[in-house]
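Biologist: Before we discuss anything, could you put the model on the screen, so that we can go through it together step by step?

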Amino acid sequence: MFDLILKNGLVVTPDCPQPLSVAVKDGKIAGLFAWGQEAAAKETYDIAGKILFPGVIDSHAHVTYCGDFFSGSRTAASGGVTTLVEMPQSGHLPSVFDREILEERIRSLEDTSIVDCALYGGVKSHRTQCAEELIQKGIAALKVFMSDAGEYGSFDDGSLLELFRAVKPYHTLVAVHAESQDLCAAATRELMEAGKGAESNSQSRPVISEVLAVTRLCILALHEQARISVCHISSSEVLDVIRQFRQQNLEVYTETCPHYLLLTSDDVTRCKAWAKCAPPIRDQKQADALWNRVIQGEIDMIGSDHATYSDEQKSWGDFWSAPGGFPGLDLILSGLYSEGVLQRGLPLTRLAQITASGPAKVFGLDSKGSIRIGKDADFAVLDPDITWTFHAADTCYDARSSRYPYEGKTFRGKVTGTFVRGRQVYDGKKILLNQKGRYVTPG
């Protein structure tokens with residue numbers, strides 16, 4: 001007897017959406033059946049009229065930057081996210097630069113998270129000696145910056161080469177925030193001196209700064225045959241560069257974020273610091289071009305870059321001194337379904353690839369990412385007929401500001417159920433149980 005059957009849904013398998021029922025045993029997918037041919041199970045959920053996606057893997061989460069795994073994992077579950085790949089830096093915790101800090105992060109997520117989590121490790125320029133112990137402890141990737149990241153530091157060409165050589169024996173993925181610090185600093189200084197504000201955010205960190213940084217990054221990675229991932233790509237022009245290096249067999253992966261697809265620079269003008277991020281949100285023409293590349297298959301994964309800054313933090317100083325980042329972890333699936341599938345013809349299988357199987361492949365999370373027999377029973381149930389309006393007050397956020405850019409936006413398609421390893425943690429209205437999340441590692 002199976003533990004659970006989700007029956008009568010449209011199941012998004014790796015091949016195509018199919019009318020199937022999915023059986024679960026011991027937290028794993030144990031059977032796929034045509035409707036009406038299901039075997040007995042201890043629990044049965046009828047999901048007729050709904051779409052069953054593999055649980056979302058957020059490739060770029062910052063739930064501990066302003067908050068913690070408790071609220072962050074509940075936010076994740078409410079949006080169908082069943083695995084977080086959490087970044088190493090934090091605004092109130094020590095960044096993950098050594099084994100002891102990493103072990104504390106693991107204890108924290110295992111004590112308080114209700115979804116599974118993989119972790120990035122942090123490494124500073126010319127201080128790669130701790131990278132090996134983080135790799136041995138199972139980090140999913142190392143995260144570095146090519147632009148200024150405050151106390152975290154930034155990497156120049158020489159330090160990138162040093163890092164690539166240090167991790168080469170382990171074939172470790174290096175994820176990179178790629179913007180040219182010199183170009184961004186000069187452009188921002190010029191705009192500040194001219195008295196400009198939020199309306200000029202895109203100009204302050206221009207697309208050319210990404211193109212230049214990614215070009216340098218790829219040349220260096222190709223020289224060492226490193227595995228790299230380019231984080232939060234905001235423009236299709238960056239993908240033109242990456243395409244050239246992929247033709248030279250560089251193992252380079254691509255990530256963008258929902259806000260580069262669902263928002264525009266007009267939203268930054270409207271919301272000011274509450275919609276500030278780096279790289280910045282571009283105009284509608286850039287968003288349309290990026291959508292085309294998503295549909296064409298040139299984006300490997302979607303990361304939320306979620307961070308729940310409070311109104312007090314966002315209000316400190318002027319626009320240029322305010323911190324960058326805002327929440328959206330719970331809107332990945334609904335947002336991309338609403339705008340991508342319904343408005344732009346994004347295939348359901350492609351949506352599942354960029355939100356689940358793509359990041360599972362990139363990070364080597366072999367037990368996750370698709371609805372196949374033997375995989376973890378991680379699912380997101382989406383009701384395509386629900387039209388709803390987002391309000392931060394209804395979320396699990398730490399800081400529920402009404403000034404964030406998604407406030408008041410209407411979506412079609414809502415997550416009404418989330419299952420982690422076969423156990424339902426969210427029912428569309430509330431979190432159901434305090435299941436313990438697991439630390440997941442490559443392999």
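What follows is a set of questions and answers about this predicted model.

Biologist: In what order do the strands of the open sheet of eight strands stand, and is the pairing parallel or antiparallel?
Modeller: As background, strands of a sheet pair through backbone hydrogen bonds, either parallel or antiparallel. In this open sheet of eight strands the pairing is parallel, and the order is E6-E7-E8-E9-E10-E11-E12-E13.

Biologist: Which residue stands opposite Met301 in E13?
Modeller: Strand E12, which covers residues 252-256, runs parallel to E13 and is joined to it by two bridges. The residue that stands opposite Met301 is Glu255.

Biologist: At about what angle does helix H9 run to E12?
Modeller: Helix H9, made of residues 236-246, lies across two strands, namely strand E11 (227-230) and E12. Its angle to E12 is about 160 degrees.

Biologist: Is Ser180 buried or exposed?
Modeller: Ser180 lies in the loop between strand E10 (173-177) and helix H6, and it touches Ser209, Leu212 and Ala213, not counting residues up to four places away in sequence. A residue counts as buried under 20% relative accessible area. The relative accessibility of Ser180 is 5%, so Ser180 is buried.

Biologist: Which element gives the largest share of the lining of the largest pocket?
Modeller: The largest pocket has a volume of about 1100 Å³ and is lined by 39 residues, with Phe145, Asp148, Ala149, Ala278 and Gly324 nearest its centre. Strand E9 (141-145), helix H6 (181-193) and helix H7 (201-204) each supply at least two residues of this lining. The largest share is four residues, and the element that supplies it is H6.

Biologist: How many charged residues are in the lining of the second largest pocket?
Modeller: The second largest pocket has a volume of about 290 Å³, and among the 16 residues that line it, Ser78, Asp394, Thr395, Lys414 and Tyr426 are the closest to its centre. Strand E14 (379-389) and strand E15 (410-420) are the elements that give two or more residues to this lining. By class, the lining has six nonpolar and five polar residues, and its charged residues number five.

Notes: Residues are numbered from 1 along each chain as its sequence is written. This is a predicted model: local features need pLDDT of at least 70, side-chain atom pairs count only at pLDDT 80 or more; totals for chains, interfaces and linings use all residues. Side-chain values use heavy atoms; hydrogens and water are left out. On a 1 Å grid over the protein atoms alone, a cavity is a set of points where a 1.4 Å probe fits but cannot get out, and a pocket is an open set with protein on both sides within 12 Å along at least five of seven lines; lining residues have an atom within 4 Å of a point. Grid points are joined across faces, edges and corners, and a volume is the space filled by probe spheres set on the points. Ala, Val, Leu, Ile, Met, Phe, Trp, Tyr, Cys and Pro count as nonpolar, Asp, Glu, Lys and Arg as charged, and the others, Gly among them, as polar. Two strands pair if DSSP finds at least two bridges between them. Contact means heavy atoms within 4.5 Å. Axes are lines fitted to C-alpha atoms, for helices over the stretch in contact, and angles run from 0 to 180 degrees between N-to-C directions. Buried means under 20% relative accessible area, exposed over 50%, partly exposed in between (1.4 Å probe, protein chains only).
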